[in-house]
Amino acid sequence: MNGFAMQVKDGTAREIPLEAALEADGALVWIHLHGEESALRPWFENTAGLPAWVVDPLVATETRPRATALEEGAFVNLRGLSPDELATSDPLASVRLFATAGRVYSVTRHRLTAMPAVRAEVQQAQVADPGDLIVAFAEEITDELDPLVADLGDTLDDCEGELSADRVFDLRRVVGRARIQAIGYRRFLAPQRAALEKLSTLPGDWLGSDDRLHLAAAADKAARMAEELEAIRERAALIHETLTDLRAEQLDQRSLQIAIVAMVFLPLTFLTGLLGMNVEGIPFAHAPWAFAGVVAICVFLAAGITGWFVHRHWLNRGS
């Protein structure tokens with residue numbers, strides 16, 4: 001477990017020890033911890049003295065974006081980019097925050113890309129209260145995700161412009177990767193929008209009117225990105241279907257070429273086989289009508305097979 005604590009008081013921000021932060025006061029006291037539940041829970045329960053209904057959501061293993069009012073404060077869980085390697089199905093790291101008047105506890109299990117920028121804002125005294133801190137996280141997270149979502153759309157634009165049967169395999173990999181990323185991001189952006197909208201309407205003096213406006217703006221941005229990701233997912237599915245059709249058409253063309261070659265050589269094969277028969281020992285081999293009989297049998301068999309194909313509708317009789 002590791003972490004830090006920061007205090008904003010009288011317009012000045014400074015970093016203080018974790019233990020000292022528990023007794024500190026000011027416009028904002030921010031305590032942040034990073035680690036696993038086994039190390040975080042004892043510190044919150046025994047050292048910080050937080051109740052179980054606050055500790056449980058802070059150290060929970062599985063989380064999704066949400067905002068919940070907890071007595072005089074609120075619990076907020078947001079998802080953002082991480083420099084750590086995460087699972088494809090869970091591409092965004094979480095930051096859990098419990099905010100009350102003048103104090104914020106935050107927890108991360110994976111590093112958060114937005115954390116250094118938010119911490120710098122606090123150090124520069126650009127964050128004055130808990131509401132400002134949550135707004136800083138929400139804005140930084142959405143600002144980081146916005147260009148990535150735009151890049152996914154640009155990737156599909158490029159794929160649509162390069163659609164061809166010759167590049168089916170390459171394009172299918174690119175489109176599949178973009179679709180998986182879009183699904184992973186949208187999985188958290190949709191509930192994150194709802195969480196920010198709910199947070200902007202929660203009662204409490206610790207959230208100022210300007211904070212509520214900024215949260216609503218961040219929620220609108222998250223909603224726009226979620227809608228764009230849904231469009232990307234649908235576009236990727238359509239491009240994938242188009243690539244599948246191109247691949248099937250390519251296979252049909254190659255099968256047709258093979259069939260044409262077979263049709264050219266099949267009569268030649270038949271003639272060479274017919275004229276090259278070893279007839280010694282065959283009944284009526286020396287009869288004058290024997291060769292004509294063999295030809296008649298071949299014609300009968302060909303007509304029978306053709307009739308069977310027509311009966312099974314395997315031949316286009318209208319052509």
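This is a predicted model: local features need pLDDT of at least 70, side-chain atom pairs count only at pLDDT 80 or more; totals for chains, interfaces and linings use all residues.
Strand 5 (residues 73-80) and strand 6 (residues 93-100) run antiparallel, and seven bridges join them.

I found an open sheet of seven strands with mixed pairing, in the order 2-1-3-7-6-5-4. Strand 2 (12-16) and strand 4 (66-70) are the edge strands, each pairing on one side only.

I moved on to the helices. Helix 2 (residues 37-47) lies across strand 3 (28-34) and strand 7 (103-108), and runs at about 150° to strand 3. Helix 4 (residues 115-123) also packs on the sheet, where I listed strand 1 (2-9), strand 2, strand 3 and strand 7 as touched by this helix. The direction of helix 4 makes about 30° with that of strand 1.

Which residues in helix 2 are buried? I noted Leu40, Trp43 and Phe44. Viewed down the axis of helix 2, the buried residues fall within an arc of 90°, so they line one face of the helix. An α-helix has 3.6 residues a turn, so residues three or four places apart point the same way.

I checked what covers these buried residues of helix 2, and the cover includes helix 1 (18-21), strand 3, helix 3 (52-59) and strand 7. On the face turned away from the buried side I found the exposed residues Ser38 and Asn46.

My last entry concerns Gly49, which follows helix 2 and has a positive phi, near 70°.

Note on methods. Residues are numbered from 1 along each chain as its sequence is written. Side-chain values use heavy atoms; hydrogens and water are left out. Two strands pair if DSSP finds at least two bridges between them. Helices (H or I, at least four residues) and strands (E, at least two) are DSSP runs, numbered from the N terminus. Contact means heavy atoms within 4.5 Å. Axes are lines fitted to C-alpha atoms, for helices over the stretch in contact, and angles run from 0 to 180 degrees between N-to-C directions. Buried means under 20% relative accessible area, exposed over 50%, partly exposed in between (1.4 Å probe, protein chains only). The arc is that of the directions from the helix axis to the C-beta atoms.
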